[in-house]
Amino acid sequence: SLRTIYRDVRTLEASGVPISSEAGIGYSIQEGYKLPPVMFTKEEAMSFIAAEKLMPHFTDKSLGSYFQSSMYKIKSILRWSEKDMFDSLDRNLVVQQNHSLFRESIPNAQELLIAGIVQKKQVDISYQGFESEAVTRRTIEPIGMYHEHQFWYIVAYCLLRKDYRKFRSDRIFSIRLLDQPFAGSHQPLDYYLQEEDRLDKTKVVIRVNKKTAKYIQRSRQFYGFVSEEDRGEVIEMMFMVGLNEDFFSRWYLMFGDQAEIVEPESLKAEVAGLLKKIARKL
């Protein structure tokens, strides 16, 4: 009733809410007023808009929808003048999708993995290894996740292999959170990442023509790049590369005519061997 509305307005005014009234128009809350405890500066709110654009590129659909729901709540408390500015920013800020982090068929994969990590519960997955055509069933105890080279990686204890393994998110075909708690205790994620860095690696030094060097600045990060030194006409680069891997030599072939290998000799022999194999197929 009208009497109830008047009483509610008086109650709001008594609690400190700045309400104004205008004859023939009605009641309104004073411009700029924010309901505590959700209070953001304009700059803070703008950062959420940028994050909203990036979310689809770093999470699965499930977590993305939760973030979108949060954004609706944030936008609802903005002033009208700010909403116009944010609508303009939303229309003119675009991030192109260039790869899939998770399979479309399992939109809540990341959510389930995070639940397993937090609740310390086992997770059942169907997984295809990089060098295998077969999909195997694994029960894992997920320890943590990290993002690298445009993919999410899960560090977990694999009950099938009886050892710690690293799983790439886009190679998971199915996933299910189990009620079974972890069978054992595990170290924090940092421990296993540092242990991986301690694995046997060899130093690689190459010299690349300056003009070519600028084109490989991004890709070199994927192959153990450590440092570089300007040596006039060339850039000398140092890498730490895992032993018994030919990824580096195959990457080197892309620009090898504009570079030279300083060390080690084993890399020179490996590249020469690959070139001979290529020549035999020409």
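This is a predicted model: local features need pLDDT of at least 70, side-chain atom pairs count only at pLDDT 80 or more; totals for chains, interfaces and linings use all residues.
**Stop 1: helices α2 and α3**

Begin by selecting residues 42-58, which form helix α2, and residues 61-76, which form helix α3. The axes of these two helices are 10 Å apart, and the angle at which α2 and α3 pack is about 160 degrees. Angles over 145 degrees count as roughly antiparallel, and α2 and α3 are therefore roughly antiparallel to each other. Their crossing is left-handed.

Now show the side chains. On the α2 side, pick Phe48, Ile49, Ala51, Glu52 and Met55. They meet Leu63, Gly64, Phe67, Gln68, Met71, Ile74 and Lys75 of α3. If you colour this contact by class, you will find 8 nonpolar, 2 polar and 2 charged residues.

**Stop 2: the second largest pocket**

Next, select Pro56, His57, Thr59, Asp60 and Lys61. Among the 20 residues that line the second largest pocket, these five lie nearest its centre. The volume of this pocket is about 330 Å³.

Which helix gives the most to the lining of the second largest pocket? It is α3, with 5 residues. Helices α2 and α3 each supply at least two residues of this lining. Sorted by class, the lining of the second largest pocket holds 7 nonpolar, 8 polar and 5 charged residues.

**Stop 3: from α3 to α5**

To view the contact, select Ser62, Leu63 and Tyr66 in α3, then Gln110, Glu111 and Ile114 in α5. By class, this contact of α3 with α5 has 3 nonpolar, 2 polar and 1 charged residues. Leu63 of α3 also belongs to the contact with α2 from the opening stop.

**Stop 4: two backbone details**

Most residues other than glycine have a negative phi, and most peptide bonds are trans. The last two selections show exceptions.

Move on to Lys120, in the loop between α5 and β3 (121-128). Lys120 is not a glycine, yet its phi is positive, at about 55 degrees.

Finally, where does Pro264 sit? Look in the loop between β11 (259-263) and α9 (265-281). Zoom in on the peptide bond from Glu263 to Pro264: this bond is cis, with omega near 0 degrees.

Notes:
Residues are numbered from 1 along each chain as its sequence is written. Side-chain values use heavy atoms; hydrogens and water are left out. Axes are lines fitted to C-alpha atoms, for helices over the stretch in contact, and angles run from 0 to 180 degrees between N-to-C directions. Helices (H or I, at least four residues) and strands (E, at least two) are DSSP runs, numbered from the N terminus. Angles under 35 degrees count as roughly parallel, over 145 as roughly antiparallel, 65 to 115 as roughly perpendicular and the rest as oblique. A crossing is left-handed if the near helix is turned anticlockwise from the far one by less than a right angle, and right-handed if clockwise. Contact means heavy atoms within 4.5 Å. Ala, Val, Leu, Ile, Met, Phe, Trp, Tyr, Cys and Pro count as nonpolar, Asp, Glu, Lys and Arg as charged, and the others, Gly among them, as polar. On a 1 Å grid over the protein atoms alone, a cavity is a set of points where a 1.4 Å probe fits but cannot get out, and a pocket is an open set with protein on both sides within 12 Å along at least five of seven lines; lining residues have an atom within 4 Å of a point. Grid points are joined across faces, edges and corners, and a volume is the space filled by probe spheres set on the points.
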